[in-house]
Amino acid sequence: MRRLIPAFAALALLTTPAFAAPCKDAKGKFVKCPETAKPKGPCKDAKGKFVKCGTPGAKPVK
């Protein structure tokens, strides 16, 4: 148990900067990060069938 607490603390310190990765402009000031255009999930057509994202009429599933 005494070995687990420092291990979890070290893991938390290592993963924290990955979540707080802000975007900066050319002058080094913090700006809002641009949104990604690619949907993160699968897409469906008008009939409800799964299709490749990017085809006409395809909408991402939420």
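In which segment is M1 found? M1 lies in the segment before α1 (4–19), where helices (H or I, at least four residues) and strands (E, at least two) are DSSP runs numbered from the N terminus. This is a predicted model, in which local features need pLDDT of at least 70 and side-chain atom pairs count only at pLDDT 80 or more, while totals for chains, interfaces and linings use all residues. Residues are numbered from 1 along each chain as its sequence is written, and side-chain values use heavy atoms, with hydrogens and water left out.

**View 1. The order of elements in the chain.** The chain has 1 helix and 5 strands, which run α-β-β-β-β-β from the N terminus on. Of its 62 residues, 2% count as buried, where buried means under 20% relative accessible area, exposed over 50%, and partly exposed in between (1.4 Å probe, protein chains only).

**View 2. The disulfide of C23 and C33.** A disulfide, taken here as a pair of cysteine sulfur atoms within 2.5 Å, joins C23 to C33 with an S to S distance of 2.0 Å. The pair links C23 in strand β1 (residues 23–24) to C33 in the loop between β2 (30–31) and β3 (43–44), 10 residues apart. Because the torsion about the S-S bond is about 115 degrees, this disulfide is right-handed.

**View 3. The disulfide of C43 and C53.** C43 is joined to C53 by a disulfide with an S to S distance of 1.9 Å. C43 lies in strand β3, and C53 in the loop between β4 (50–51) and β5 (59–60). C43 counts as buried at 3% relative accessibility, whereas C53, at 33%, counts as partly exposed.
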